[in-house]
Amino acid sequence: MSGVERKRNVLNVKQKLEILQKLDNGESASTDAEDVLNEGNKISLSAALQSVETLLDYMGQRGFDYGDITAVRKICADIRQEMNKLQKQRRVTNFLKH
């Protein structure tokens, strides 16, 4: 796969700000983010983790409810767990190949 480029769809800064503003106003922004991200390939786990960590920082700065922050931390933990699982699978696969 070394010569293959993969298209990654991530939210640009303007899209992120629009979604955060909607969240600030109490609106749901999940479908907006899903629409942008689902236009092409799935977002990578590392990009997802970075976005969720950015959201967590924002929530901390804006004084969001502890329960909401805890829920976002759980999402971070779930993404890290999935990343570790995939890394372990790659190690096993690479070991068996050699």
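Glutamate 53 counts as partly exposed, at 29% relative accessibility. This value, like every other one here, comes from a predicted model. Glutamate 53 sits in helix 3. Its partner in a salt bridge is arginine 80. The closest N and O atoms of the two are 2.4 Å apart. Arginine 80 lies in helix 4, so the pair ties together parts that are 27 residues apart in sequence.

Is arginine 80 buried, exposed or partly exposed? Its relative accessible area is 38%, so arginine 80 is partly exposed. Side chains of opposite charge can pair when their charged atoms come close.

## The overall plan

The protein has four helices and zero strands. From the N terminus on, the order of elements is α-α-α-α. The protein has 98 residues, and 20% of them count as buried.

## Helix 3 against helix 4

Two packed helices are described by the angle between their axes and the distance between the axes. Helix 3 covers residues 45-62, and helix 4 covers residues 66-97. They pack at an angle of about 160°. Their axes are 10 Å apart. Why is helix 3 called roughly antiparallel to helix 4? Angles over 145 degrees count as roughly antiparallel, and the angle here is about 160°, so helix 3 is roughly antiparallel to helix 4. The crossing of helix 3 past helix 4 is left-handed.

Which residues meet? On the helix 3 side they include Leu45, Leu49, Val52, Glu53 and Leu56. On the helix 4 side they include Ile69, Val72, Cys76, Ile79, Arg80 and Leu86. The residues of this contact between helix 3 and helix 4 divide into 14 nonpolar, two polar and five charged. Glu53 and Arg80 are among the residues in the contact, and these two also form a salt bridge.

How many salt bridges does the count come to? The count is three.

Another joins aspartate 78 to lysine 74, with the closest N and O atoms 2.7 Å apart. Both residues lie in helix 4, four residues apart, about one turn of the helix. Aspartate 78 has a relative accessible area of 33%, so aspartate 78 is partly exposed.

Lysine 85 forms a salt bridge with glutamate 82. Here the closest N and O atoms are 3.9 Å apart. A salt bridge needs a distance within 4 Å, so this pair counts. Lysine 85 and glutamate 82 both lie in helix 4, three residues apart, about one turn of the helix. Lysine 85 is partly exposed at 43% relative accessibility. Glutamate 82 is partly exposed at 31%.

## Alanine 77

Alanine 77 has its place in helix 4. At 40% relative accessibility, it counts as partly exposed. Alanine 77 and leucine 49 are 28 residues apart in sequence. In space they are 9.1 Å apart, C-alpha to C-alpha.

## Helix 1 across helix 3

Helix 1 covers residues 13-24. The axes of helix 1 and helix 3 come within 12 Å and cross at roughly 45°. That makes helix 1 oblique to helix 3. Their crossing is right-handed.

Lys16, Leu20 and Asp24 in helix 1 meet Ser51, Leu55, Tyr58 and Arg62 in helix 3. The residues of this contact divide into three nonpolar, one polar and three charged.

## Tyrosine 58

Tyrosine 58 lies in helix 3. Is tyrosine 58 buried or exposed? Buried means under 20% relative accessible area. Tyrosine 58 has 17%, so tyrosine 58 is buried.

What does tyrosine 58 touch, leaving out residues up to four places away in sequence? Its contacts are Leu20, Asp24 and Phe64. Leu20 and Asp24 belong to helix 1. Tyrosine 58 and leucine 20 are 38 residues apart in sequence. Yet in space they are 8.9 Å apart, C-alpha to C-alpha.

Note on methods. Residues are numbered from 1 along each chain as its sequence is written. This is a predicted model: local features need pLDDT of at least 70, side-chain atom pairs count only at pLDDT 80 or more; totals for chains, interfaces and linings use all residues. Side-chain values use heavy atoms; hydrogens and water are left out. Axes are lines fitted to C-alpha atoms, for helices over the stretch in contact, and angles run from 0 to 180 degrees between N-to-C directions. Helices (H or I, at least four residues) and strands (E, at least two) are DSSP runs, numbered from the N terminus. Angles under 35 degrees count as roughly parallel, over 145 as roughly antiparallel, 65 to 115 as roughly perpendicular and the rest as oblique. A crossing is left-handed if the near helix is turned anticlockwise from the far one by less than a right angle, and right-handed if clockwise. Contact means heavy atoms within 4.5 Å. Ala, Val, Leu, Ile, Met, Phe, Trp, Tyr, Cys and Pro count as nonpolar, Asp, Glu, Lys and Arg as charged, and the others, Gly among them, as polar. A salt bridge is a side-chain nitrogen of Lys or Arg within 4 Å of a carboxyl oxygen of Asp or Glu. Buried means under 20% relative accessible area, exposed over 50%, partly exposed in between (1.4 Å probe, protein chains only).
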